Amino acid sequence: SGGSENHRMAAAVPTQLSFGEKLYALARNLWWSWHPDVVSIFRDLNPVRWHQLDQNPVLLLGEYSPEQLENRGREAVLHSRVNWAFRRWQEYMEDTSTTWGATHAGVLCHKPVAYFSAEFGIHESVPNYSGGLGVLAGDHLKSASDLGVPLVAIGLFYHEGYFSQLIDENGWQQEVYSHVKNTQLPIRLATVPGKSAPNKLGVHVPESIYIRKATTPDGEPLIVKVETRHDPIYAQAWQVDVGRVKLYLLDVNIEQNNPEDRKLTARLYGGDQLTRIRQEIVLGIGGARVLTALGYQPHVIHMNEGHSAFAPLEFIRMRMATDNLSFDDALREVASMCCFTTHTPVPAGHDRFDWNLIDEYLGPMGDQLGIGTQGLMGLGRVDPNNHSEPFCMTVIAFKCSRRANGVSNLHGVVSRRMWSSLWPWRSEEDVPIGHITNGVHVGSWLAPQMRTLYDRSLKEGWWRRTADPNTWAPFENVTPGELWETHQALKNGLIAFARRKGTARAERLKFPAREINEIQNLLDPEVLTIGFARRFAPYKRADLVLRDIEMFRQIIADSKRPVQFIFAGKSHPADNGGKSILQRIYHLTQEPAFKGKVVLLEDYDINLARHLVQGVDVWLNNPRRPLEASGTSGQKVVLNGGLNCSILDGWWAEAFDGQNGFGIGNGTCHSNQDILDERDAKDLMKTLLNEVIPLYYDRDNDDLPQAWIKRMKRSVRTLGWRFNSDRMVMDYVRSAYLPAAGGVSCEMARRA
């Protein structure tokens, strides 16, 4: 957005690049994915194929020869749009001196943040994510890029990704895995200079750490080696460009590995404990070695959840080898530069391994560190002397970090209580775990129609100041009719999308023509539409609204003030409890009283999430408090004018002010889970019947719900600036990255 910047564009389009070459260059950097005008260029090439190919520009462009692409560009009058997009992208990539990061995080410029995560959800065309953790990591990279914060990211490349969800005729979830071809993604092999040359920072890396396989005359693919007690595991690095940020994904499906190890990173969160620990040594130790081989010397190591907690061990090993430090001294030095973000308030959600697995796969590292397997086990135990306690990834992450945080205020409280035994000499309030509340990337989740509304109502360049509350204040001046019509357009788009999704499933299952025709007319754009979409884990209670089924039936069937629901979400393949909840909801959608009014959409992914958060009237969230660490889906709804109706948990516990959405209950918990569920179900129905439904249907003479629209405005104004990922990344820079890099002191550093 921001066409007025045209006069400031200085970068010229290289005359030697053809129309198709510019398109390929744009497609190979995921910067395009959060710029709607660039997305529209790819879509306008072939709208039908664009959607059929999961909005993957690499696949789309691959269907055209250069001549065909040139001709299609002329037909669609795309040349000037492509030139404009290419100029904008060039300027964005070259402007590193005037960014927020250049001013506030200069100490990181020559030694950046190394951000480790097991998954990254950047766009649906790159299926390297399962859900909220990955999408958060993707949003973190995008904001780091926009802000100019020096950061490099490390993850794993999954050839089958996370599963696609099919719901069979009985409503049971079926998992389908598809092989992802590297040539179909915007990735390329990471390369290093020739064997006789130093890497880009002039550092010669010992050959024992990595090997290289020459494939091109100007560089060599990077392959790292991670030792185990038996066969080493080799990993090849792929590079993904996310704006200004480079993301390196480690791939073990290469000829150096035995057949079993080649399948190691086939699936995200698949397999048993044996698979998990091997994935995590590749991510942590292998990832650290990739950075070293590429010449990165990070000032900061940021572990996004415990999956990457082996990374500090490799940095400790390097400090011991290069600086002749003892293990204790190297641990102290490395821990001072490590930051750890924990996301899981449920004890069962933290990876734990027994002695045999640690000895088999970490034993060589323990030997190199001089502490052996016993010393490693002590690092991963709350009580190092308790030999019956397993090794915990979260524990070693805490012990190897000097800055740790939860992902909301309440989650910080829960985390301090959960892990207080690691600091028995401190009171619970003084446990050194702070909080940085999650946020979402505005450009990725904001509907183009809402962006146009923001462009008209907010000050020029607002998208560069999304973390400033003053940026959002003028939104109160938007005319009610304009806001409502924009929202209704998005809602109609969601309903059309839901009909297409439902029809595709019905045709796959060979439903009768009569039923397919009914699906093509499901949902009503004039009816209050409530969305619920997230992982179908039992504690998230997707079926809480069904607890009083007769009351639910009444609100759905009310002829004067009807309500309709859209559900979506995946259950973990091994979670039959979650699958049973999903199946119950599906069966409900087939009952005559609910058919066409309660809908379950299959295969929840970024694309489906985007339609839902942009089009629903209300976003429902009702986990068992305090088990929702943050829950960012509702933050995406805020940006698009929807209202949240949520248990006071996660981010909503610090966001709800009584007038910017709806709260369920009073924020207290009961020690008995059954009583808690019963009480929350009653409070949910009370909120719907007494607040949500009446407010939505209270209309003026122009059929506008003025009080509802007022609440929409307040939601955007009070929450938009607080719960976006620019603010989140700024908080990480100030509270974690700069103290870790020795740039500044802060309250979190003092507490640690």
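Two strands are taken to pair if DSSP finds at least two bridges between them. In this predicted model, strand E21 (residues 643-647) and strand E22 meet that criterion, since 3 bridges join them and the two strands run parallel. Within this pair, Ile647 has Ile664 in E22 as its bridge partner. Helix H24 (residues 606-615) packs on the sheet to which these strands belong, where it touches strand E17 (528-533), strand E18 (563-568), E19 and strand E20 (618-621), and its direction makes about 155 degrees with that of E18.

The sheet as a whole is open and consists of 6 strands in the order E19-E18-E17-E20-E21-E22, with parallel pairing. Its edges are formed by strand E19 (598-601) and strand E22 (662-664), each of which pairs on one side only. From one strand to the next, the twist averages 20 degrees.

Helix H23 (residues 576-589) also makes contact with this region. The helix comprises 14 residues and spans 20 Å from its first C-alpha to its last, close to the 20 Å expected at 1.5 Å a residue. At its start, a side-chain oxygen of Asp575 comes to within 3.2 Å of the backbone nitrogen of Gly577. The buried residues of H23 are Gly578, Lys579, Ile581, Leu582, Gln583, Ile585, Tyr586, Leu588 and Thr589, and they pack against strand E3 (164-167), strand E4 (173-176), H20, helix H22 (549-557), E18 and E19. Helix H20 (residues 480-508) contains Pro480, which counts as partly exposed because its relative accessibility is 25%. Apart from neighbours within four places in sequence, Pro480 is in contact with Gln706, Ile709 and Lys713; the C-alpha atoms of Pro480 and Ile709 are separated by 6.4 Å, although the two residues lie 229 residues apart along the chain.

Strand E5 (residues 187-189) is joined to E9 by 3 bridges in an antiparallel arrangement, and Leu189 stands opposite Trp238. Strand E8 (residues 220-226) likewise pairs with E9 in the antiparallel sense, over 4 bridges, with Val226 and Ile233 as bridge partners; the hairpin that joins E8 to E9 passes through 6 residues. Between E9 and strand E10 (residues 245-251), which run antiparallel, there are 7 bridges, and Ala237 is placed opposite Leu250 in E10. The hairpin of E9 and E10 has 2 residues between the strands, and Gly243 in this hairpin adopts a positive phi near 65 degrees.

Helix H10 (residues 273-293) has 21 residues and extends 29 Å from its first C-alpha to its last, close to the 30 Å expected at 1.5 Å a residue, while a kink of about 30 degrees is centred on Gly286. The helix is mostly covered, with 19 of its 21 residues buried. At the start of H10, a side-chain oxygen of Asp272 lies within 3.2 Å of the backbone nitrogen of Leu274, and just after the helix Gly295 takes a positive phi of about 95 degrees. The loop between H10 and strand E11 (300-304) contains His299, which is buried, with a relative accessible area of 18%. Leaving aside neighbours within four places in sequence, the contacts of His299 are Val107, Leu108, His110, Lys111, Pro112, Met337, Ala740 and Ala741.

Helix H14 (residues 372-379) is mostly covered as well, with 6 of its 8 residues buried, namely Gly372, Thr373, Leu376, Met377, Gly378 and Leu379. The elements that cover these residues include helix H11 (311-323), helix H12 (327-335), strand E13 (352-353), helix H13 (355-369), strand E14 (391-392) and helix H15 (393-399).

Definitions and conventions: Residues numbered from 1 in each chain as written. Predicted model: local features only at pLDDT ≥ 70, side-chain atom pairs only at ≥ 80, totals over all residues. Heavy atoms only, no water. Axes fitted to C-alpha atoms, helices over the stretch in contact; angles between N-to-C directions. Contact = heavy atoms within 4.5 Å. Expected span 1.5 Å × (residues − 1). Bend = angle between axes of the 7 residues up to and from the residue. Buried < 20%, exposed > 50% of the residue type's maximum accessible area, 1.4 Å probe, protein only. Polar contact = N/O pair within 3.5 Å; in protein donor to acceptor, adjacent residues only side chain to side chain.
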